[in-house]
Amino acid sequence: MKTMKKLVAALLVLTLVLALTATAMAGCKFSIHDYVKFNKNAVAYSDTRDSKSTDTIISKGSIGCVEGYVGNWVRVRLTPYGTDGNFTCPDYGTCWTAWFKSGDLKACVASDVTGDVLVRFSQGGVGLSKPGIRDEEGFYFFKDKGDTRISDECYKKVQATAKVWLHKTPSLSDSFGKALHKDQKVNYRRVYSFDDRGVMFYGVWKSGKCVWVSSLYSKLVKK
């Protein structure tokens, strides 16, 4: 009887060890600097606790980069390196990061557009991208891809495909304080540029001002 009790106790201990090992392995399925894709709209957390949720939501399909992990939490880089942010990587520079539950993520390769992270914000994200570099003539350009472009197409309007905020520069910074609502149209200035993620912004007219709107939530239309 004693032998049976010892065997049962040993089996219980082994079961507990295996469960803890499985949990640890689940939390470590990503490595530092791995690229990950969001497999659903995901809430960003400021810390590895459920009580630390933020107002920022990352859209399904966005691509981030792993900067750390604790258990089933993963710290994901949301902006290119070199952006003023809340995290410093000794080898690369500063960036913005947030914590996400590992179940929201899956392994992937870098973005085909930028070769790096490409995050789409379903909610929040204000200030988390900067305009491409501005030259002495006031034109914005993205890395070495040229100045603000003149559109070759004869589109006259930009139509919102969802609620989207207007900005004073082609980026998520410098909010104009007004938004377009789904299906709303504004006049297209026939110029476009990029932010430091490589996301295209259309130049539009709104309230007599030259402003910019993200192409992720808008499209060009003929009339």
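Here are some friendly notes on the pockets, strands and aromatic contacts of this predicted model.

1. Some ground rules. Residues are numbered from 1 along each chain as its sequence is written, and side-chain values use heavy atoms, with hydrogens and water left out. Because the model is predicted, local features need pLDDT of at least 70 and side-chain atom pairs count only at pLDDT 80 or more, while totals for chains, interfaces and linings use all residues.

2. The largest pocket holds about 390 Å³ of space. A pocket here is an open set of points on a 1 Å grid, where a 1.4 Å probe fits, with protein on both sides within 12 Å along at least five of seven lines; lining residues have an atom within 4 Å of a point. The volume is the space filled by probe spheres set on the points, which are joined across faces, edges and corners. There are 18 lining residues, and Phe121, Gly124, Lys163, Trp165 and Tyr217 are the closest to the centre. Strands S10 (121-123) and S15 (164-167) each give two or more residues to this lining; strands are DSSP runs (E, at least two residues), numbered from the N terminus.

3. The second largest pocket has a volume of about 210 Å³. Of its 13 lining residues, Gly61, Leu118, Arg120, Val199 and Leu216 are the closest to the centre.

4. Now to the pairing around strand S19 (residues 209-214). S15 runs antiparallel to S19, joined by 2 bridges (strands pair if DSSP finds at least two bridges between them). Strand S18 (residues 200-206) is also antiparallel to S19, over 6 bridges. Val213 in S19 stands opposite Leu166 and is also the bridge partner of Tyr202. S18 and S19 form a hairpin with 2 residues between them, and Ser207 in the turn has a positive phi of about 55 degrees.

5. The whole structure has 5 aromatic pairs (ring centres within 6.5 Å; planes under 30 degrees apart are stacked, over 60 edge-to-face, the rest tilted; for Trp the six-membered ring is used). Tyr81 and Tyr92 are stacked, because their ring centres are 4.7 Å apart and their planes at 15 degrees. Tyr81 is partly exposed at 22% relative accessibility, and Tyr92 is partly exposed at 47% (buried is under 20%, exposed over 50%, partly exposed in between, with a 1.4 Å probe and protein chains only). Tyr192 and Phe194 pair edge-to-face, 6.3 Å centre to centre with 80 degrees between the planes, and both are buried.

6. Lastly, the charged end of Arg77 sits over the ring of Tyr81, 3.7 Å from its centre (CZ of Arg or NZ of Lys within 6 Å of the ring centre and within 35 degrees of the ring normal). Arg189 does likewise over the ring of Trp212, its charged end 5.0 Å from the ring centre.

Key:
Helices (H or I, at least four residues) and strands (E, at least two) are DSSP runs, numbered from the N terminus.
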